[in-house]
Amino acid sequence: MEKLRILARKVGKTGVILAGGATATYVVYSGVKALQNAFDTDEGKLADGVPQNYAWAPLPSRAQLIESLKTDEFDVLVIGGGATGTGVAVDAVSRGLKTAMVEKYDFGSGTSSRSTKLIHGGVRYLEKAVFSLSYQQYCMVEEALAERANLINIAPHLAYPFPIMLPLYKRWQIPYFWAGIKAYDWVAGKQKLKSSYFLGRKKALEIFPMLKKDKLRGALVYYDGQHDDARMNISLAITAVRLGGSVMNYVEVLEILKTPDSEGKEVVSGAKVRDRMTGEEWNVKAKCVINATGPYTDRIRTMANPEVKKICQPSQGVHVVLPDYYSPTSMGLLDPATSDGRIIFFLPWQNVTIAGTTDEACEVTDFPSPTEKEIQFILNEIRHYLDPDVEIRRGDVLSAWCGIRPLVCDPNKADTQSIARNHIIEVTPDNLITIAGGKWTTYRHMAEETVDRAVEVCNLKPKTKCRTKGLLLDGAHGYTPTFFIRLVQDFGLENDVAQHLASTYGDKAFKVAKLASLTGKRWPVVGKRLHEEFPYIEAEVRYAVKEYACRAIDVLARRTRLTFCNVHAAEEALPRIVEIMAEELKWNKKKQKEEIDHAKTFLRREMGLDLGTGAKNVPINFTKDEINLYVNRFKTLDSDHKGYITVNDLRKYFKKIGERVSEDQLHDILNEVDLNKNAQVDLGEFLQLMSALKSGNVANSRFAQVTQMMQERDKISVERSGGGV
Ligand SMILES: Cc1cc2nc3c(=O)[nH]c(=O)nc-3n(C[C@H](O)[C@H](O)[C@H](O)COP(=O)(O)OP(=O)(O)OC[C@H]3O[C@@H](n4cnc5c(N)ncnc54)[C@H](O)[C@@H]3O)c2cc1C
């Protein structure tokens, strides 16, 4: 213990914490191991002048970083704080280059927090490589598999090996896919996470009982990685700051600046920026400017050179989030090649199931929004993989989001699905360097190549070569898989809360736990939850502010993943989050209200809140005769007088009138009317939709077509009866 205290004093970090109700003095960090790691991990590897024990380097305040952006002259200015931009910043600063990075919203708020959360080589690309004998595709897979291993190594608290099942419904698929995944293991070589294997039908159903049983022949299981993409992104940004970078969110590039070089040629020399939190504008000076803006690539390129040809072909992908019971806790399901060439998956993640996705050419927007049509499309697709016993209900959708893939355009191909997800580095004659395309998994390799190129083109003088392979990210130094136990024992946190903190903040979880307030209960001692269904605690909001969270949505969407897991829970937690941020950031009442309104718009526009409820809250405005008419129609559908309509009733109705309607269409029709999403439509919901149809609030409704058909039949029956004569 004495040795521990001495070590703690060395870094000046001792503290008083609570342990199961008793107060005891302990070292704040996770014991000797964490302290030793802090000193010995990367010592000697980093460039001179870069903090060698960066893991514990204090974080400067936002004001200090802004001041540095205003006054310092940089070697490198990176635009964009997604995976690519933060990756480039870590690479440049760890080589000893004076580095700045600016992000116009929050770190990772673009595509990088909206991915499928896989760290993968791409089984599908390997298949393409084999069939098209493409050495380039093969190299891309090999590179991604090496990066997959590296990422799990440098952020073991955030990324982990993850088994994925490929269900097989045709005999020929068994040898075909088996050869494919074995080749995937083989290409990974020493970097293989775990060996793939075959499961017979019985075993596959034991592990994945909700799988469609009919004609199931067996399944193959292979390994890729999974991570919390937003946290990984923030962790990269924080690592860059601890290494000495001037990295800031909510700072937007407005103009690219140019000055004549020694030969009189106009070259890029910085950027005019605006602090979106204060409106202040100034110029950041840099020898080299790197455009890492993902889907916005062409906006920055045309900002510098209005004549350039576009290189980015954006495509949007929607994910829906379903409850955890749609997948086993520790295994995903993926069909890498549906009949029309797309990928369909369900992946357990943070105690929910992520299902997706779509791939549609789109326009670039700051507010990518999922549509009801896309959500219904995904639900219909996943229905093909689940047992008919598992009813997939629209009401089970907890959240939905849309990300824009920054695909690099090949002008000769129109189909976005045929574009390889590899990256390009472009250097214009005036030295603007653009890094575009690629994927999350390969951000480090992309960054390495980009900084190599920047050094060459802009004549920079780094103190070392690239150091990022094996360079631990923030939180990784003192982390061990049993780290959470210390949090339970030393602080009196609940087990699931401790596990969540450890797997999000790694060794910095102690810092978060230190901010946790007493619950006033015997157990847990500390750690008030933000929402009872989730392990996120109030202390995380305070910690997020220290890590530069500026707005309520930063906490809702990226510092915690509440909006991604359950948009309704996020809405419920919002007022408390704003309250805590108001204490930390000294927000007045007006600002608090602005934040609530801003976050609610975000939840509605970008996270699927209120989608699928088009007819909700429409006043019922019928005459007595109309009410009688609609009540009669309801009764016609509810033929066995249960008091509600189900899919079965619709099925019976269509059969009776001789109309052929598919199972998917039946579900869609019911979903439109089922306002409270319990798979049943009661008279109130029915009348509300009829009223919405009458007032034009629900256009193009399929249910409208059904009622139209009923109306036609009503008319015919009147005519047949001789008009009552
Ligand atoms: C649906 C979907 C699923 C995916 N799944 C996976 C997956 O499972 N695994 C995988 O490896 N990859 C996946 N990807 C790919 C991966 O997410 C992206 O390749 C990666 O996140 C792109 O990162 P980026 O930094 O280039 O772009 P972004 O994350 O979009 O970052 C660009 C940033 O630039 C900022 N910016 C723009 N203009 C300015 C300006 N003027 N000033 C300052 N900042 C600016 C933006 O605000 C934005 O934050 C997926 C992509 C999508 C769309």
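In the predicted model, an oxygen atom of the ligand lies 2.5 Å from a polar side-chain atom of S112. A polar side-chain atom of T441 is placed 2.6 Å from a ligand oxygen, and a polar backbone atom of T111 is 3.0 Å from an oxygen atom of the ligand. Polar contacts are pairs of N or O atoms within 3.5 Å. Of the 1000 Å² that the ligand exposes when taken alone, the protein buries 96%; accessible areas were computed by the Shrake-Rupley method with a 1.4 Å probe.

The model is predicted, with pLDDT of at least 70 required for local features and 80 or more for side-chain atom pairs, whereas totals for chains, interfaces and linings use all residues. Residues are numbered from 1 along each chain as its sequence is written, and side-chain values use heavy atoms, without hydrogens or water.

The ligand is surrounded by 38 residues, the closest being T84, E103, S112, L118 and T441; a residue counts as near if one of its heavy atoms lies within 4 Å. The shell comprises 14 nonpolar, 17 polar and seven charged residues, Gly being counted as polar. At least two shell residues come from each of α4 (83-94), β10 (251-260), β13 (315-323) and β18 (399-405); helices (H or I, at least four residues) and strands (E, at least two) are DSSP runs.

Strand β10 runs antiparallel to β11, joined by nine bridges, with L257 bridged to G270; pairing requires at least two DSSP bridges. Seven of the ten residues of β11 (residues 266-275) are buried, so this strand is largely enclosed by the rest of the structure; buried denotes under 20% relative accessible area, with a 1.4 Å probe and protein chains only. Five bridges link β11 to β12 (residues 281-291) in the antiparallel sense.

How values were computed:
Polar contact = N/O pair within 3.5 Å; in protein donor to acceptor, adjacent residues only side chain to side chain. Buried < 20%, exposed > 50% of the residue type's maximum accessible area, 1.4 Å probe, protein only.
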